[in-house]
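Please read the points below with the structure open beside you.

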Amino acid sequence: EEQIRRKKREERLEKIRRNAQLKYAAKRKRSEEDETERLLQLSKEALSQGAGADALDQLDHNEEELILADYESDEEKKVVSGLEEDDDDLEEEHVTKIYYCSRTHSQLSQFVREVQKSPFGKDTRLVSLGSRQNLCVNEEVRRLGALQLINDRCMEMQKNKHEKKSDEENEGKKRRVSRAVCPFYSYEQMQFLRDEVLVEVKDIEQLVSLGRETKACPYYGSRYAIPAAQLVVLPYQMLLHEPTRSAAGIKLKDQVVIIDEAHNLIDTITCIHNVEVSGSQLCCAHSQLSQYMERYRKRLKAKNLMYIKQILYLLERFVAMLGGNVNQNPGCQTVSQTGTVLRSINDFLFQSQIDNINLFKVQRYCEKSLISRKLFGFVERYGSPATAVKNNKENQKLDGLQNFLLSLQQGSDKEGTPQSPPVEAENDQLRAASPLMQIEGFLSALTNANQDGRVILNRQGTVGQSSLKFLLLNPAVHFAKVVEECHAVIIAGGTMQPVADFREQLLSCAGVDPARIVEFSCGHVIPPENILPIILCSGPSNQQLEFTYQTRDLPQMMDETGRILCNLCNVIPGGVVCFFPSYEYEKQVYAHWEKTGLLTRLATKKKIFQEPKKANQVEQVLVEYAKCIKRCSQAGGQMTGALLLSVVGGKMSEGINFSDDLGRCVIMVGMPYPNIKSPELQEKMAWLDKTMPRAAGQAPSRVLIENLCMKAVNQSIGRAIRHQKDFASIVLLDHRYARPAIFNKLPQWIRERTQVKPAFGSAFAELRK
């Protein structure tokens, strides 16, 4: 049966490949539909101009969409209705496939282009998945900007489409308001898009333009293509987060998963499941939700009211845990006991007196009822300080909410800087979203098992600046499902050292049989003489190089670093990238060099660039940096290129290619150990020491710190060698790199060629050569 089914599918796709007439027929049909729709719209407009009297009546009807639909929990509603017409199709059998995941959409696009170029490109059924933010073609929805808003608007439009049928049946009983439905969410058009996707390999950009052309939703159309696809390309957040995975229709049973760029897989899983909510978000959500409840109390069913009251109670208790009161402005309430407190999940639930509430049910209610979306619509209409409310009575009623929102906007923001400068646009959009969305994530996190996470109560100055944060300690619980279901999981990356983390924290904890784990590591494509890694133990004036927290701020240490850089920039052509452990230290060193005049000396040989803190300026700095290097190489003269001062773990240390002249030398200043004082890291270290065995006499927490440091180093120094003919030198400034435990954590292809130089003279001679 399976063979017959597959044969039929292949025949259908082959027919589509050959039959261009089908395409034109579908195109003609669409343009006829567009014309009809345009005429209908014109006649509606003509009618509405004549009927001005109905416009006021319409305003009240518009409020219908803000009221929550009747809610039935899953137990009451055993039959879950899906898409009416296409239930059979959705159950199409999943062929054996490979799920290929990477970190960013640009990395995925690169991979898809390689598939297109390969000999398999013609016969491979590949589908690219992405978020609505990347794939939505409905301009009205795209304009919302923030991902959460786009998601909720899309869900609401679909809901309206499904409700439309039942409304039409009830039309005689009650005149309903017409609700917005998405014109691209058409089953027929999406089926057409699905076939087009399977016939020819397309990346995200091509998928979007096809969606616009065929008037079909690429987000859902691409999902319909999953069962028949042989290769599914997706960002790894989508695969690692179970609710997103099941919503996308991804079935991992007996499939193959490749996770590329996996050097920070553990961090990614942790970050996906970590959630932080601030006191001002909690108070704001409480205020909005109670106003919402008051306004629609008479219209809401008992079930809805019960859940809303439960959510209000939860918000009240959370704010009380931060030492505040929900009914007062969070920006004006000072916290008596500041500091950070850690609680296990159970302790937090008992202490906040919410252990009697079923959080699973509340969480399911939030998901199913789209309450955060309705609330956002309500605030958008009545609560936004920017827009005046039409009706005077409502003005008085909702004055409280407006004033409250205004006070939030004008008061101190989360960082605690009163009247802080305008934040980037993306933050504004997130702030515009309903705070309840973030809180739903926090409630969901509290349903984790007690031993797998902690709650951090961070009490700062005011209640508004304080926050509750859920910290996931055991990422393996969320990865276990992937490993159990899949036929094979390949965790791959250019720089995966040290690998022990993956084996112990991710695979062993997920219950993987050691016999199932196979490690493979190979050398680099470049010949040995194309790379010169040097560990430098002391500088030109014999100052020992050790950048610990105690010594790195000493003027002589910063002077020595400057002297090394000056000497290197004198002999190295093109671009030099220098990595510092943190933004703060980079700033401090830069200021010191400015004061001592060393910066001016550096600037005679290389133009100096600094890594920007804002993501949207990175591209600009890189373009300028590249231009400068090109200009210098063509012009000759005293200026030989550029020097880029960068930060480990910053925007330039991952995913950016400093190939050829852009990076002839990478310098690493000190060792980028993480901040050991942070409560999150301390808790993680304590948890590891409790649950992991000691390896080679070292405590697991110590190993973690070293591994985090070396993973960051390996990522950064790998930026310079990007292809077979590339060459570069790598200089590690700190004698501690020569210690065996650290040295062995360098990637094998770098480690084999590394020279340890106790004095600067011989190192300089090597570099000169």
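1. Two strands pair if DSSP finds at least two bridges between them. By that rule S11 and S13 are a pair: seven bridges connect them, in the parallel sense. One place to look is Val577, which stands opposite Leu644 in S13. Please keep in mind throughout that this is a predicted model.

2. The overall picture comes next. The protein chain contains 34 helices and 16 strands. It has 769 residues, of which 49% count as buried. Among contacts between residues at least 6 apart in sequence, 80% join residues at least 24 apart.

3. The pair S11 and S13 belongs to an open sheet of seven strands, with the order S12-S13-S11-S14-S15-S10-S16 and parallel pairing. Which strands stand at the edges? They are S12 and strand S16 (755–757); each has a single partner strand, so one side of each is left without a neighbour in the sheet. From one strand to the next, the twist averages 20 degrees. Helix H31 (residues 700–717) lies across S11, S14 and strand S15 (728–733), and runs at about 160 degrees to S14.

4. There is also an open sheet of five strands, again described by its order: S2-S3-S1-S4-S9, with parallel pairing. Its edge strands are strand S2 (126–128) and strand S9 (488–491), each of which pairs on one side only. Neighbouring strands here are turned by 15 degrees against each other on average, direction ignored. Helix H5 (residues 105–117) packs on this sheet and touches strand S1 (98–102), S2 and S3; the direction of H5 makes about 160 degrees with that of S3.

5. S2 is joined to strand S3 (residues 231–235) by three bridges, and the two run parallel; the partner of Ser128 in S3 is Val233.

6. Is S1 enclosed or open to the outside? Four of the five residues of S1 are buried, so S1 is largely enclosed by the rest of the structure.

7. Just after H27, Gly597 takes a positive phi of about 85 degrees.

8. Which residues of H27 are buried? They are Tyr583, Tyr585, Glu586, Val589, Tyr590, His592 and Trp593. An α-helix has 3.6 residues a turn, so residues three or four places apart point the same way.

9. Two other helices cross. The axes of helix H16 (residues 302–321) and helix H23 (residues 435–445) come within 12 Å and cross at roughly 80 degrees. Angles of 65 to 115 degrees count as roughly perpendicular, which makes H16 roughly perpendicular to H23. On H16 the contact is made by Ile311, Leu314, Leu315 and Phe318, and on H23 by Leu436, Ile439, Phe442 and Leu443. The residues of this contact are eight nonpolar, no polar and no charged.

10. H23 is mostly covered, with eight of its eleven residues buried. The buried residues of H23 are Pro435, Leu436, Met437, Ile439, Glu440, Phe442, Leu443 and Ala445.

11. The last point concerns Thr462, in the loop between strand S7 (453–459) and strand S8 (467–472). Is Thr462 buried or exposed? The relative accessibility of Thr462 is 11%, and buried means under 20%, so Thr462 counts as buried. Apart from its neighbours within four places in sequence, Thr462 is in contact with Pro330, Gly331, Gln333, Thr334 and Val335.

Key: Residues numbered from 1 in each chain as written. Predicted model: local features only at pLDDT ≥ 70, side-chain atom pairs only at ≥ 80, totals over all residues. Heavy atoms only, no water. Buried < 20%, exposed > 50% of the residue type's maximum accessible area, 1.4 Å probe, protein only. Contact = heavy atoms within 4.5 Å. Axes fitted to C-alpha atoms, helices over the stretch in contact; angles between N-to-C directions. Parallel < 35°, antiparallel > 145°, perpendicular 65-115°, else oblique. Nonpolar A, V, L, I, M, F, W, Y, C, P; charged D, E, K, R; others polar.
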